[in-house]
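Subject: Structure handover

Hello,

Here is the structure for you to look through. My notes on it follow below.

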2 protein chains.
Amino acid sequence: MDISGPKPELLDRFAAIVGENHVLRDASDLAPHLVEGRGLYKGSSPMLLKPCSVEEVSAILKLASETGTPIVPQTGNTGLVGGQTPRTGGSDLIVSLERMNRIRDVDPVANVLVADGGAILADVQKAAEAVDRLFPLSLGSEGSCRIGGNLSTNAGGTAVLAYGNTRQLCLGLEVVLPTGEIWDGLRRLKKDNTGYDLRDLFIGAEGTLGIITGAVLKLFPQPVGHQVALAGLNSPADALKLFERASNLCGTALTGFELMPRIGIEFVVRHIEGVRDPLSEPHPWYALIDISTSDSAETASSMVQSLLEQGFEAGLIRDAVIASSVAQQKALWHMRESMSDAQKPEGGSIKHDVSVPVSKIPTFMAEAEQAVLAAMPGARVCAFGHLGDGNIHYNISQPINADMAGDKAAFIGRWREINAIVHGIVLAAGGSISAEHGIGQLKRDELAHIRSPIEMDLMRRIKQAFDPAGIMNPGKVVAIP
Amino acid sequence: MDISGPKPELLDRFAAIVGENHVLRDASDLAPHLVEGRGLYKGSSPMLLKPCSVEEVSAILKLASETGTPIVPQTGNTGLVGGQTPRTGGSDLIVSLERMNRIRDVDPVANVLVADGGAILADVQKAAEAVDRLFPLSLGSEGSCRIGGNLSTNAGGTAVLAYGNTRQLCLGLEVVLPTGEIWDGLRRLKKDNTGYDLRDLFIGAEGTLGIITGAVLKLFPQPVGHQVALAGLNSPADALKLFERASNLCGTALTGFELMPRIGIEFVVRHIEGVRDPLSEPHPWYALIDISTSDSAETASSMVQSLLEQGFEAGLIRDAVIASSVAQQKALWHMRESMSDAQKPEGGSIKHDVSVPVSKIPTFMAEAEQAVLAAMPGARVCAFGHLGDGNIHYNISQPINADMAGDKAAFIGRWREINAIVHGIVLAAGGSISAEHGIGQLKRDELAHIRSPIEMDLMRRIKQAFDPAGIMNPGKVVAIP
């Protein structure tokens, strides 16, 4: 890494591509772009560029490749693994797509929407709704995250169970390669077997193989029926059994099955304004069940009734409530979506974004809790997430002590140690250490440790084939010697 | 291409890896492996090897890379673009996976099945049924095609509308790389964002980047309700309108929507034993509609009733029949699936496997017919296929003449000329020249012509990064200088 950074003359050449009005150079202007949400990474950069077209992005990357200038692409800056953050002590130039935020086209007959890489997710959702269609990608940061980032990280979210990850929601891409060449892969086809799957190589590459400047996204019919229920349960094992029944009963109409622990509900009730416990008694675990049907509202209604009846009869459900209005549905989802935020007032939180085969969720939960408590007595495990996808946000709040603030740094200092414990159990179960957040900087070294040498070598060969100058988001995902 | 071929000593070294009992060397034994179903390609090869394990495949490819010996992988030999056929006049060794045909594991709770690359598709379907699950991939050759080939060609088939291509049905792969290294990517996870998407790069690469020796496949709940209907229509435009209604009404319960022309029905009734026209009067076009529901049989029944009612009321349907038994359902599907075979007694057939955005199907059909008839008066267009996927098998039977046999060669001789006409219209509509069959040898040169230089260059970079010795299925998909 050249820590001296680009010369002023070179910076001016970059600035000239987008015009000085669309460049940030002052430390105070740059500051919000140098940190990510959790405060785990703080980078440095001499300049942020805001191109307004694929041609400007192309010119930037061409100059960067010619001059060996490292580039970090940034969209909504909501990533959770430091993938969008410039390197600490480095001089990466930031390329922000915030001005490339258009919806280029919406075709409700073909069920496709074409958007700029910098289009905000919520704007894409709204554009789909405007033509009576659904773009199902939905996550906490949807008001600020942008499609190029969602694609580059293959974002997950709350609708994966029925609709898949972002990867499954994309038909085509426009990508500027590290050399500045433009790949126009903006295809709108459901079926196209013509050569290697370049699209899926760029999706999830976290901006290390190029910058996604445009995408063709899939739209779906708006559901007609929608039901949301919350069930109190005894254990993750019962939650899994209930999930199996739900899956058999509802098929693809099962659009969400989220698992939450009692402590998570307590955190949310305690710290999130306006939230109250929807059930009269506390329960060890909770399942949030979301059902959407396309034929009629009655189908969703009868499905949720049947499922809860089956669950009660089988002794799987202790108590349950069905949301009786859209407001109540939103309130139940709000509890789930606030669970991360609700942990903040409880002190430090060591986080994991893991997945295991769904049938192994109960064993994983038991083994991980035992191991974590053995290493850190008093730690408060707040493990919740997308049970139906096998994806658990295995978060651990610090033990309760007199001096919460003073102990936070010491607690967070054990992040990697605790990660190693939890990830060891995940890997033994054939799981993933990053189910939906990606690798970025946070898990780069760990990835190289857990993957076979041949797999890492294949990734390096691809990286070098696509980015021979090594300028695209260096230091992320895969290290090039 | 070294047409002298490998020396006998080298062939013996290859044979020693699998044992002489598992080698074919005689011309008569080799013959069925040197041609593909349509008879468009006939290759040559001195030897076919039948490894029984991933280690044997690894040893073969290691020796091949070290000695520069070209290898063509072959599974069911049912491909339609010459991808599995050794090169004409060449000396490629054939590696057949027919002995690697095991179902390794079935887990109905996690909804996964692990199979060898040589497992026959029908055996995979049966293994899923045995645990009350569905493996939805379904195509005409399912009794002989094998999973490794289905994955390598990203096979489509009749269930794509609801379940996606083979790509969407795979969670993980085991691949032997051209160097003989083994990539163990047999993951069972729905969510796993850990580095570049190698899986999807091997899927659809038609055996040019390695040999798929194992796969983790997704299973689904068996549908509870199933309805099949055939509707007589006036035009592809009406078929599209009916498809839109079906899609809105049924959502993901719409598991098939196939378009067929009158001439196709006539061919099938004339040439396929036991088939009779299910409707009392002829109609210009037909839609085969398949609905599967997971909640109850009644849902499917009410969906198909509502759809046909809507279609009649809107003037989209001329006449229709709902299959009243499983046997009738199979009979309706048999008509559709026999349409290719039924063309054979009608003389030569020039074929296309194209897709366009679904909203452009009617325009495409009209423009293509006009252009084909202008170039070849009297040609009989028999265009049918997966309307819901935008995928049409645009087949053209030769004109009726006194001397059908004599004219067949001349007719087939115009294959590339007619391809160019149809593909020109497809490409102008943003379509694909190979929706589900792949590139192989048949469309390799055309691919290089229609794709941008940068896209071809990216594919070549990947090919060279993965197969530096250039031994894996050379001459297919992408030509390396």
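B:Asp200 touches A:Arg167, A:Asp197, A:Asp200 and B:Arg167, where touching means heavy atoms within 4.5 Å and residues up to four places away in sequence are not counted. B:Asp200 sits in helix α7 of chain B. Helices (H or I, at least four residues) and strands (E, at least two) are DSSP runs, numbered from the N terminus. At 2% relative accessibility, B:Asp200 counts as buried. Buried means under 20% relative accessible area, exposed means over 50%, and partly exposed lies in between (1.4 Å probe, protein chains only).

Some ground rules before the rest. This is a predicted model, in which local features need pLDDT of at least 70 and side-chain atom pairs count only at pLDDT 80 or more, while totals for chains, interfaces and linings use all residues. Residues are numbered from 1 along each chain as its sequence is written, chains are lettered from A and ligands numbered from 1 in the order in which they are written, and side-chain values use heavy atoms, with hydrogens and water left out.

The two chains

How are the chains related? Two copies of a chain are related by a rotation about an axis and a shift along it. Here, chain A can be laid on chain B with an RMSD of 0.0 Å, by a turn of 180 degrees and a shift of 0.0 Å along the axis. That is the relation of a two-fold axis. The same surface serves both copies, as 100% of the contact residues of chain A recur in chain B. The superposition is by least squares on the C-alpha atoms of residues with pLDDT of at least 70 in both copies.

The interface

In this interface, 80 residues of chain A are in contact with 80 residues of chain B. The area buried between chain A and chain B is about 6400 Å². Carbon and sulfur atoms give 55% of that area. Buried area is the accessible area (1.4 Å probe) that two parts lose on being put together, summed over both. In chain A, A:Lys191, A:Asn193 and A:Tyr196 lose the most area to chain B, together 16% of what that side buries.

Between chain A and chain B there are 14 salt bridges. A salt bridge is a side-chain nitrogen of Lys or Arg within 4 Å of a carboxyl oxygen of Asp or Glu. A:Asp389 forms one with B:Lys190, the closest N and O atoms being 3.6 Å apart. B:Asp192 and A:Arg451 also meet in a salt bridge (3.6 Å, N to O). This pair crosses between chains: B:Asp192 is in the loop between β9 (182-185) and α7 (198-202) of chain B, and A:Arg451 is in the loop between α15 (444-450) and α16 (453-466) of chain A. B:Asp192 is partly exposed, at 23% relative accessible area. A:Arg451 is buried, at 11%.

Other salt bridges

The whole structure holds 60 salt bridges over all chains. In one of them, B:Arg380 meets B:Glu346 (2.7 Å, N to O). B:Arg380 lies in strand β18 (residues 380-386) of chain B and B:Glu346 in the loop between α11 (326-337) and β16 (349-350) of chain B, so the pair ties together parts that are 34 residues apart in sequence. Both B:Arg380 and B:Glu346 are buried.

A:Lys463 pairs with A:Asp467, with the closest N and O atoms 2.8 Å apart. A:Lys463 is buried, at 5% relative accessibility. A:Asp467 is also buried, at 3% relative accessible area. Separately, A:Arg102, A:Arg104, A:Asp116 and A:Glu174 are linked in a network of salt bridges.

Backbone points

Most residues other than glycine have a negative phi. Which way does phi of B:Asn111 go, positive or negative? Phi of B:Asn111 is positive, near 60 degrees. B:Asn111 is in the loop between β5 (103-107) and β6 (112-116) of chain B, and is buried at 17% relative accessible area. Phi of B:Glu206 is also positive, near 55 degrees. B:Glu206 is in the loop between α7 and β10 (211-218) of chain B, and is buried at 7%.

Best wishes
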